[in-house]
Amino acid sequence: MSSQLPQKTQIVVIGGGVIGCSVAYHLAKRGWSDVVVLERSQLTCGTTWHAAGLIGTTRASQTLATLAGYCLDFIPMIEAETEQSVGFKQVGSMWIAEDEERFEEIRRLHDVTKIWGPETHLLTADEIEKHYPLIDKTGLVGGMFAPSEGWASPVDFTMAIAKGVRQRGGSILEGIKVTNIITDRGRVSGVETDQGMIETDFVVNCAGLWAREIGKMVGVDIPLYPCEHYYMVTEKSDQVPTNLPVMRDQSNEAYYKEDAGSILLGAFEKKSIPVDPASLPDNFSFEELAGDFDQFMSVFEAAVKRVPLLGELGMRKFFCGPESFTPDDQIQMGKAPGIEGFYMCAGANSVGIQTGPGYGKALADWIVDGRAPYDLHAMDVRRNEPYQNTKAFLSERVSETLGLLYENHFPYRQFATGRGARRSPLHEHLKARGACFGVAGGWERANWFAPEGVEPVYEYSFKRQNWFEHSKVEHMAFRENVGLIDLTSFAKFIVQGPDAMKVLQNISSANVDVPVGRIVYTHWLDPLAGVEADLTVSRMAGDRYQVTTGGAVAQRDMDWLKRHIPDDARVEVFDASSAIAIIGVFGPKSRDLLEGLSGADLSNQACPFSHWVDIEIGYARMKAMRVTFVGELGWELHIASEFACHIFEQLEEAGKAFGLKLCGLHALDSCRIEKGYRHFGHEVSQDETPFDAGLGFVCNFDAGDFIGREAAEKAKAAPKPKRLVQIKLKNPEPLLIGHEPLLRDGEVAGYVTSGAYGHFVGASVGMGWLKHADGVTKELMEAGSYSVLVAGEEFEAEVSFRAAYDPKGERVKM
């Protein structure tokens with residue numbers, strides 16, 4: 001064993017880049033000073049050293065804004081603590097637009113900063129030129145400026161954090177390679193290195209380019225993969241002002257940074273080049289890739305037109321280096337499923353410097369407190385499906401995700417790569433009938449159907465997209481007639497055994513000790529009554545239940561379930577998602593269609609709402625579950641997958657007499673928002689209790705103890721500083737897509753969580769948070785006047801605790 005390697009430590013952090021050092025620093029700051037950082041070569045040697053160092057905090061969601069915004073507080077703090085500069089130049093950041101779609105995105109982003117910062121200002125073309133005198137403003141329609149942002153030195157930044165780690169009692173050991181992670185009975189027990197072993201109860205994987213391989217040591221999927229990332233640096237020139245802001249010309253895939261009298265031009269090209277990690281030498285450290293200037297050429301040519309001086313100055317440096325990207329451009333973060341004591345924070349998607357402090361603090365809090373400090377589900381490594389960690393998928397997908405950072409972030413935008421892997425049994429049937437597919441949780445899902453003669457392809461916009469009218473027909477079929485939708489992508493878990501009820505009763509906020517045939521809508525709460533899962537539990541037999549949840553949270557919810565099964569419980573759990581197909585049949589005529597086809601009695605007496613019955617259609621038996629996410633009479637048909645096509649064909653044929661319409665997920669979403677149904681990750685998360693979201697009825701305090709009960713009782717009695725409301729615009733033209741500021745009496749008082757067009761009510765509708773420090777009451781809500789900011793314009797709105805459509809919930813019980 002190396003003389004410097006301790007025999008035992010509380011926690012090991014693998015990786016000495018900015019994120020690894022940040023995690024270690026914040027752990028030490030929380031009192032976990034017995035922390036050891038292991039770096040295979042030298043600090044910053046992987047990706048950190050060649051980062052551009054941009055410090056941008058303007059983000060489109062509260063979570064991302066919190067993670068990035070912390071950096072501006074952290075910089076003066078770490079400099080004061082260590083007396084070491086991070087090289088921060090607070091010159092501001094600027095975004096420019098040369099088309100209306102890009103400028104609408106910028107205006108929407110500007111609106112968002114009114115909710116959670118930072119300070120931003122919209123710019124005209126002339127004002128852009130004043131901020132950036134080197135620019136040719138021809139064709140520009142506008143832009144935005146954030147004065148608090150800028151750039152820092154990545155190496156100096158990391159070294160300052162590393163000094164802070166040491167000052168707080170932590171250790172940083174360089175030149176030590178991790179070769180294996182030891183586990184014992186499902187939890188971490190040690191780390192093997194090329195210089196000996198360290199006993200430890202916790203490991204944090206911050207290994208950057210190598211994080212995926214580290215994950216394999218304990219059987220944990222960490223989907224990330226490196227791509228070639230390019231920039232160039234010009235010769236120095238007195239013509240380059242030293243106070244130039246960072247400039248992002250996203251339509252032309254470029255960013256600009258003044259760099260000691262030079263201009264650094266970086267690229268996020270639409271199709272990038274993946275790098276096989278196996279091709280990198282074992283001692284890869286502070287090294288570059290050969291690169292290909294042809295890959296960079298289109299970005300350079302457009303940049304010369306926008307900043308002509310680039311074409312006059314010589315090129316001092318052309319750089320290509322590997323940088324890790326993930327399948328969805330979000331970091332892989334959090335607690336690993338299936339193993340205790342193993343955490344990760346890797347795959348920063350080119351924003352590691354500006355978000356490194358925030359990631360480090362959030363993960364340290366997560367480890368110390370046993371709970372994420374706020375809603376991080378979009379970054380949680382449990383969002384991934386196992387196939388997404390295959391080399392073939394990753395190398396294809398990351399070639400797209402690098403460029404998507406600078407593409408327009410249109411609503412409903414779908415990935416173009418890594419598609420077609422996970423398909424419903426009905427996929428080919430739906431494809432033949434004009435389905436346009438999207439992807440969620442790895443599943444190909446029919447989002448809308450193109451009528452005959454129309455190509456089922458998205459044409460993206462912030463305005464009404466090409467599928468708007470087609471989805472309207474589907475929406476109205478649910479409301480007025482009958483629609484069929486493929487819901488096979490829902491996750492289905494079977495929980496069975498003598499202790500199945502006891503286990504689920506402890507996890508679920510609602511009472512699941514119900515008769516066979518009942519379906520229970522419930523939350524799974526954490527100890528602080530934050531919502532960990534939003535799902536249904538159906539009692540299939542005395543000792544067997546089916547849990548049905550969203551496909552995108554399948555791994556997360558399964559992990560939560562398994563972690564809360566006592567070791568001595570007589571229960572087994574398995575994922576039946578691929579074994580069970582789901583066909584939804586919803587609308588006022590759904591009962592007539594299904595009764596006529598099955599011969600079953602589906603009346604309110606025989607099959608009330610939130611119940612299931614066995615029925616037969618054609619040659620197959622199935623569970624007809626009377627639940628809905630569209631707010632209409634209807635059933636989910638849970639069918640053995642091999643019979644799904646047969647049942648679909650039977651329904652389609654019989655449905656002709658009823659005008660049955662095939663419907664997609666966009667219609668389901670617009671119906672659920674119109675009806676005011678909540679969705680996990682939008683309206684409910686660990687940041688909210690059920691009572692904040694108007695879902696207090698899911699907490700049954702008479703059913704016994706459950707996780708989060710004590711906190712839920714307190715939340716029920718306490719004033720509500722925020723409450724979920726439904727929002728309806730008075731003007732039928734603008735579209736709500738989410739994250740628009742909600743104004744009360746002219747002041748920001750909340751924001752939209754989900755938005756869509758409510759075709760039945762004839763207006764844009766949304767769910768959203770209304771906030772007030774003294775508590776949100778019915779009287780306070782009704783006393784205000786409301787509006788919503790949409791791309792810089794203010795539109796009057798109606799706000800209510802009740803749904804805009806069927807507020808009494810009568811239609812689902814017809």
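Student: How do the residues of the lining of the second largest pocket divide into nonpolar, polar and charged?

Tutor: The model is a predicted one. In it, the lining of the second largest pocket comprises five nonpolar, four polar and 11 charged residues. The space in this pocket amounts to about 300 Å³. Its lining has 20 residues, and those closest to the pocket centre are Lys335, Gly370, Arg371, Glu532 and Trp560.

Student: Which elements give two or more residues to the lining of the second largest pocket?

Tutor: They are helix 9 (352-369) and helix 14 (554-563). Helix 14 gives the most, with four residues.

Student: Why is the aromatic pair of Phe629 and Tyr677 called stacked?

Tutor: Planes under 30 degrees apart count as stacked, provided that the ring centres lie within 6.5 Å. For Phe629 and Tyr677 the centres are 5.9 Å apart and the planes 5 degrees apart, so the pair is stacked. The structure holds 30 aromatic pairs.

Student: What parts of the chain does the pair of Phe629 and Tyr677 link?

Tutor: Phe629 is in the loop between strand 31 (620-625) and strand 32 (634-640), and Tyr677 is in the loop between helix 17 (665-675) and helix 18 (709-717). The two residues are 48 residues apart, and the parts they link count as distant.

Student: Why does Phe629 count as partly exposed?

Tutor: Buried means under 20% relative accessible area and exposed means over 50%. Phe629 has 25%, so it counts as partly exposed.

Student: What makes the pair of Phe691 and Phe701 stacked?

Tutor: Their ring planes are at 5 degrees and their ring centres 6.5 Å apart, so the pair is stacked. Phe691 and Phe701 are 10 residues apart, each in the loop between helix 17 and helix 18. Both residues are buried.

Student: How do you know that the charged end of Arg464 sits over the ring of Phe468?

Tutor: A charge must be within 6 Å of the ring centre and within 35 degrees of the ring normal. The charged end of Arg464 is 4.9 Å from the centre of the Phe468 ring, and it sits over that ring. Lys361, in turn, lies over the face of Tyr70, at 6.0 Å from the ring centre.

Student: Which residues do ring pairs link into a cluster?

Tutor: The cluster consists of Tyr230, Phe293, Phe296, Phe300 and Phe318.

Terms used
Residues numbered from 1 in each chain as written. Predicted model: local features only at pLDDT ≥ 70, side-chain atom pairs only at ≥ 80, totals over all residues. Heavy atoms only, no water. Phe/Tyr/Trp six-rings, centres within 6.5 Å; stacked < 30°, edge-to-face > 60°. Buried < 20%, exposed > 50% of the residue type's maximum accessible area, 1.4 Å probe, protein only. 1 Å grid on protein atoms, 1.4 Å probe; cavity = no way out; pocket = protein on both sides within 12 Å on 5 of 7 lines; lining within 4 Å. Points joined across faces, edges and corners; volume = space filled by probe spheres on them. Nonpolar A, V, L, I, M, F, W, Y, C, P; charged D, E, K, R; others polar.
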